[in-house]
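Colleague: Before I rely on the labels attached to this model, I would like to hear how each of them was reached. Could we go through them together?

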Amino acid sequence: MAEDIKKQQQEKDSSAGLGTLIGFGALAALPFLRPFRNISGVKRALSTLAEKNASRTTDTQKLLPLIRKQGEGITTLPTKIKYQVQVKPQTTEMVPLVNDRKGDFMAQRLLPFAERDVPKSEFGSALYDQIKMFPKDKATADDWIKYFKAKTNTKYNDGRSASVNTEELFDSNIAALDKSGFLVGGLLKNAKDLNMVIDKNTLLKQVYKNPFFNLEYRRFTTPTGLDESAGGITSQISKVRELLNAKYTQDPTTKGTAYASLETLQNIENTYKNVFANFSSVDKQKILESLKLNRTKVKKELDSLQTLLTDPEDKRLVANVMKDINKLSEDVAIKYQAAGRTPVHATSSEYGTYRLEGEMNPGEFVWRFKDRPIAQSNLDPKSYDHIFNRQHKFGEFPVVHGMYGTRVTPKGEKVLTINEIQSDMNSRVLDEVSRGKIRLNPYGKEEFGKLAADPLNTNRARMEELLKKGIFRTEEEAYELNKIFGQMKTARNVLGQKPNYTQEALTEYVPFYNNKNYADLAIKSVIKEGGDQGAQWVGVIPVDRISRATEAVAGQQQFYGYATGKGFQKKGTAVVPEVMKKLANQYNTEAKTIQVSLSDPKKPWKLVRDRQVRRYDGTRGNPGNSVETFKTTVHKGAYNSREEALRASESIGSNVDVAYIPEGDPNLYMNVYALRISPDMINKPMKIYRNEGGLIENPFRPL
């Protein structure tokens with residue numbers, strides 16, 4: 001009997017509730033639990049309670065058992081344990097988001113680059129992610145600012161990191177911070193003045209109103225494989241020229257006609273070459289019309305040659321040449337059609353200023369406003385016209401423009417080398433800000449008025465109720481009424497407040513105001529293009545290799561840098577190499593000095609020219625003194641044969657030399673600073689601002 005009672009007591013003890021979050025080590029440490037022997041029973045009890053208690057708490061809470069200490073009189077195990085709900089401590093690491101962009105992003109990657117919705121699919125806002133992960137539904141302005149400042153280099157679950165950039169806060173009109181980090185403008189400043197809290201959805205809507213999402217991306221690319229097709233056409237024409245030279249200019253009866261045909265064929269060949277060399281100097285339709293016209297001329301000339309030729313084999317050769325030219329001309333037309341827009345700055349007259357000779361497949365891009373930018377509230381919209389050049393080659397209102405070309409490393413790796421990144425608007429605004437002018441953001445101001453109007457609407461009914469009570473108001477109600485009066489007065493002041501600056505004190509607003517921000521956007525755009533073309537690197541042409549219109553002035557040195565990555569006076573780090581280093585750290589890749597080809601390595605005959613670029617100690621507007629002259633070599637062209645190179649040199653002039661520089665020759669290469677493209681850069685969205693980036697959530701998904 002005693003044994004049965006003991007057994008029942010053990011079973012009762014083993015089924016007692018113990019709490020969901022106490023481990024077995026902790027159980028053993030509690031003195032009153034040491035008599036327990038039935039561990040399997042304890043496990044069952046813990047499992048049952050864990051399931052029940054999970055439904056009683058949120059993700060941010062946990063249950064703790066309220067157990068009195070032994071010194072407080074516990075002598076036996078209590079039959080029922082009470083619990084209290086406690087908020088879990090917040091971790092400093094970012095809570096990983098579910099990647100709701102993966103499906104849309106990968107679907108976009110399957111489309112040709114020209115057809116993608118680039119701003120939405122390739123880039124996005126890490127700020128949006130951070131707001132989504134804020135632990136509260138709403139908070140004060142100070143709490144939001146504290147949270148944003150704390151979000152530096154926080155990690156996503158896929159290894160990327162993200163930081164909130166103050167310029168993105170400004171462009172989204174969420175907050176403007178002064179140099180000391182104090183809140184001086186934006187939606188949060190209004191909320192602070194009104195002593196109001198701001199909910200997450202309001203800020204998410206503000207991110208969506210960032211002017212970046214009002215930009216469109218336009219790219220201009222060289223038709224792929226154009227050189228091969230163009231070379232094939234001129235090669236076929238050369239076959240007929242060689243035939244006439246070898247046989248028919250030697251025969252007195254055909255000599256005159258042969259020479260006339262040779263001259264005509266040479267003119268046709270030169271016309272073809274001119275079209276291919278300056279394909280971007282006219283629009284696509286004119287290019288296609290020119291190709292068609294040249295093909296008609298060749299056919300007419302070859303048809304007339306049939307009466308001159310006496311050998312049936314020669315007639316057959318000319319007929320085959322015409323077939324090949326027809327096929328190649330159609331191939332060129334198809335490639336032009338598939339290329340979208342051809343580069344704007346790719347004519348021979350612009351090489352040496354904005355581009356470095358010798359590159360293959362030149363390309364360009366521009367980020368521009370889809371519509372006229374929003375002017376400052378007290379500025380005439382026409383004031384934008386002097387800075388957003390309406391006659392710009394890329395259309396109205398470009399924000400940042402870049403140019404690049406293709407080169408090859410000694411190992412055969414493909415490199416997209418950047419020649420130029422420019423933002424005339426930002427440069428001008430930056431200059432005006434440096435002289436004391438004010439830059440305001442006119443985007444996303446709709447919420448400002450709603451915020452100030454809210455206290456007026458929500459407090460009106462309560463105010464009327466309290467006023468009707470008159471002398472019967474309690475002391476607490478009187479205090480409440482005074483508080484409502486204060487809130488409504490502040491709201492009216494905010495709604496009616498006038499700017500404390502004049503129109504003359506303002507400059508235009510443009511996004512990506514910091515040169516590191518627009519350089520970052522430009523580099524990431526070329527990275528995405530490199531992924532589309534199968535490139536392994538993105539590099540930048542060093543400042544001592546190309547004049548960029550102003551040669552190596554201080555600003556050019558500090559922005560593009562040298563092949564070592566150094567900036568002004570070969571010290572520190574230049575802007576573009578600095579952005580590349582940060583991207584390398586973020587994406588676990590490398591940024592360093594590498595060798596790239598001066599021209600196409602597959603074509604060993606080069607037209608070589610010496611170039612001098614002077615280094616100044618001043619700025620673009622005031623160059624100052626020339627302190628150094630860089631002497632470099634450029635390749636004006638690369639050809640398959642010496643004969644081709646000689647013919648090309650005749651049209652250029654006597655200041656070029658014909659040289660044989662085969663693939664692998666050290667003289668074929670130069671040094672540039674470059675970033676190796678990693679798979680994550682291609683397969684995942686990239687952040688639109690320069691701080692460590694990466695983003696998961698889709699800003700365009702409905703809230």
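Predicted model: local features only at pLDDT ≥ 70, side-chain atom pairs only at ≥ 80, totals over all residues.

Colleague: What makes S10 and S17 the edges of the seven-stranded sheet?

Modeller: The open sheet has the order S10-S11-S12-S13-S16-S21-S17, with mixed pairing. Strand S10 (215-221) and strand S17 (591-597) each have a single partner strand, so one side of each is left without a neighbour in the sheet. From one strand to the next, the twist averages 35°.

Colleague: How do you know that S16 is paired with S13 and with S21?

Modeller: Two strands pair if at least two bridges are found between them. Strand S13 (residues 414-422) is joined to S16 by four bridges, and these two strands run parallel; Ile 418 stands opposite Val 540 in S16. With strand S21 (residues 669-676), S16 pairs in the antiparallel sense over four bridges, and here Gly 539 stands opposite Ala 674. Both counts reach the cut-off, so both contacts are called pairings.

Colleague: Which residue of S13 is the bridge partner of Tyr 404?

Modeller: That partner is Ile 418, and the two strands concerned, S12 (residues 398-408) and S13, run antiparallel with eight bridges between them.

Colleague: What makes you say that both faces of S16 are covered?

Modeller: In a regular strand the side chains alternate between the two faces of the sheet. In S16 (residues 537-540), Trp 537 and Gly 539 lie on one side and Val 538 and Val 540 on the other, and all of them are buried.

Colleague: How do you know that the buried residues of H7 share one side of the helix?

Modeller: In helix H7 (residues 141-150) the buried residues are Ala 141, Trp 144, Ile 145, Tyr 147 and Phe 148. They cover an arc of only 160° around the axis, which puts them on the same side of H7. On the other side of H7, Lys 146 and Ala 150 are exposed.

Colleague: Why is the contact between Glu 364 and Arg 355 called a salt bridge?

Modeller: The closest N and O atoms of Glu 364 and Arg 355 are 3.3 Å apart, and the cut-off is 4 Å, so the pair qualifies. Glu 364 has a relative accessible area of 0% and Arg 355 one of 1%; buried means under 20%, so both residues are called buried. A search of the whole structure finds 29 salt bridges.

Colleague: What separates Lys 524 and Asp 520 along helix H18?

Modeller: They are four residues apart in H18 (residues 515-533), which means a separation of about one helical turn. Lys 524, at 2% relative accessibility, counts as buried, and Asp 520 does so at 0%.

Colleague: Why are Lys 570 and Glu 628 called partly exposed?

Modeller: Relative accessible area is 41% for Lys 570 and 24% for Glu 628; since buried means under 20% and exposed over 50%, both values fall in between. The side chains of Lys 570 and Glu 628 meet in a salt bridge at 3.2 Å, N to O. This pair links distant parts of the chain, 58 residues apart, with Lys 570 in the loop between helix H19 (554-560) and helix H20 (575-586) and Glu 628 in strand S19 (residues 626-639).

Colleague: What makes Lys 570 count as lying over the face of Tyr 562?

Modeller: Lys 570 is 5.7 Å from the ring centre of Tyr 562 and lies over its face, and the distance cut-off is 6 Å. Arg 548 likewise lies over the face of Tyr 560, at 3.7 Å from the ring centre.

Terms used: Residues numbered from 1 in each chain as written. Heavy atoms only, no water. Buried < 20%, exposed > 50% of the residue type's maximum accessible area, 1.4 Å probe, protein only. Arc of directions from axis to C-beta. Lys NZ or Arg CZ within 6 Å of the ring centre and 35° of its normal. Axes fitted to C-alpha atoms, helices over the stretch in contact; angles between N-to-C directions.
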